[in-house]
Amino acid sequence: MVHNDEVIVSNVHTIMDSLSSASFLLSKIIPVDISSDDSILRQIPDPNVPVPNVDINELDGGDNLGTLLWAFSLFNGIFVTKGRPGDWTLDLIAKIVQQEEEEWYKDYIDGYKYQCPPLVDAIRFLFFLFLGYYANKLWVESLGGDSFWGWSTGACLAIPSGFFNLARDKRITRTEQQFQNMIQESIEKYLKKRVQPRLSITSNEEVIISAFRRSSVDFRDKEMLPDKMLKKMIRTVLNRKPDKLGDYKNLYFSEVDLETQAALSRALAITKQQKEELAREQSERLMKGTEAGRVVEEIPDTIGKDFVR
């Protein structure tokens with residue numbers, strides 16, 4: 001009897017183990033609904049495990065953006081028309097790195113287009129990045145510590161500074177300047193011999209440009225010498241601007257050299273005078289011939305008859 005009881009208990013345990021194993025397998029296969037009150041959602045994270053910060057208000061990017069915007073604004077300058085502050089530091093940097101005798105620095109001093117060495121560019125960019133960082137930090141701290149004020153103000157300054165930089169006169173190379181000087185001298189010589197101030201006379205700018213281009217093969221290439229540059233030089237030489245129609249008032253222009261034109265006028269006047277004198281001489285000869293014919297007609301016929309006798 002006891003043996004039977006032990007067998008029954010053993011069978012019960014075996015059945016219970018089987019049921020628990022089956023329920024475990026079913027829990028793995030069949031998903032269980034998780035409510036908002038489930039203990040899984042109320043688990044406290046382990047403080048030793050780092051959790052990334054994804055809160056938009058806590059992201060550390062505003063200070064970096066503000067630093068870059070402030071550095072850009074300080075480099076280009078605001079309300080500065082003659083050059084950029086980024087260029088003003090070249091004198092000091094050139095002395096520090098001993099680049100004062102280099103060709104790029106001489107071009108910068110003389111006002112021509114220049115190309116800085118990588119070392120000089122790196123130094124001045126780092127310098128303005130340093131200024132931008134502390135300018136942004138000072139501005140943010142003065143307004144309560146919110147980085148919003150740093151990058152927003154930096155953006156408001158960077159936009160006009162970029163436009164001011166685009167509006168500044170661009171430098172040209174030394175070779176381009178020499179070419180422009182040659183063109184300027186040619187225009188001065190050309191117009192000096194062909195332009196005169198005269199009242200009630202107008203001269204068209206396009207006519208002057210076309211005549212100047214025809215005067216030499218070197219000036220006919222519009223890619224090398226565009227009309228915009230040529231107009232600027234002509235207005236500089238004449239020291240005046242045309243009206244809306246492109247006409248210069250009270251200005252006489254001749255495609256022919258004024259001295260040559262005057263010489264031709266004198267030659268034509270001399271030729272005309274010579275023609276008048278020749279015509280006068282011919283008329284005098286004709287008059288003399290007519291008078292001689294009249295004298296011959298007045299001689300009596302008896303003279304010949306008496307001679308025959």
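**Reading a predicted model: helix packing, burial and side-chain contacts**

Tutor: In this predicted model, helix 8 (residues 174-192) packs with helix 10 (residues 227-238) at an angle of about 55 degrees, and their axes are 10 Å apart.

Student: Why do residues three or four places apart in an α-helix point the same way?

Tutor: An α-helix has 3.6 residues a turn, so residues at that spacing point the same way. In the present case, I183 and I187 of helix 8 are both among the residues that make the contact.

Student: What is the overall make-up of the protein chain in helices and strands?

Tutor: The chain has 12 helices and 2 strands, and along the sequence they follow the pattern α-α-α-α-α-α-α-α-β-α-α-β-α-α. Of its 309 residues, 24% count as buried. Among contacts with a separation of 6 or more, 67% join residues 24 or more positions apart. The accessible surface comes to about 23,700 Å², and carbon and sulfur atoms account for 59% of it.

Student: Which residues of helix 9 are buried, and against what do they pack?

Tutor: Burial is judged by relative accessible area, with under 20% as the cut-off. In helix 9 (residues 205-215), the buried residues are E205, I208, I209, A211, F212 and R213. They pack against helix 8, strand 1, helix 10 and strand 2 (247-253).

Student: What caps the N-terminal end of helix 9?

Tutor: The capping residue is N204, which has a side-chain oxygen 2.9 Å from the backbone nitrogen of E206.

Student: Is S203 buried or exposed, and which polar contacts does its side chain make?

Tutor: S203 belongs to strand 1 (residues 195-204). Its relative accessible area is 6%, so S203 is buried. A polar atom of the S203 side chain lies 2.5 Å from the backbone oxygen of L251, and the backbone nitrogen of F253 lies 3.2 Å from a polar atom of that side chain. Beyond its neighbours within four places in sequence, S203 is in contact with I208, G246, D247, Y248, L251, Y252 and F253.

Student: Which backbone oxygens does the side chain of R171 reach?

Tutor: The R171 side chain reaches the backbone oxygen of Y108 at 3.0 Å and that of Y112 at 3.1 Å. The C-alpha atoms of R171 and G111 are separated by 7.0 Å, although these residues are 60 residues apart along the chain. Apart from residues up to four places away in sequence, R171 touches D107, Y108, G111, Y112, K113 and Y114.

Conventions. Residues numbered from 1 in each chain as written. Predicted model: local features only at pLDDT ≥ 70, side-chain atom pairs only at ≥ 80, totals over all residues. Heavy atoms only, no water. Helix = DSSP H or I, 4+ residues; strand = E, 2+ residues; numbered from the N terminus. Buried < 20%, exposed > 50% of the residue type's maximum accessible area, 1.4 Å probe, protein only. Polar contact = N/O pair within 3.5 Å; in protein donor to acceptor, adjacent residues only side chain to side chain. Contact = heavy atoms within 4.5 Å. Areas by Shrake-Rupley, 256 points an atom, 1.4 Å probe, with all protein chains shown as cover. Axes fitted to C-alpha atoms, helices over the stretch in contact; angles between N-to-C directions.
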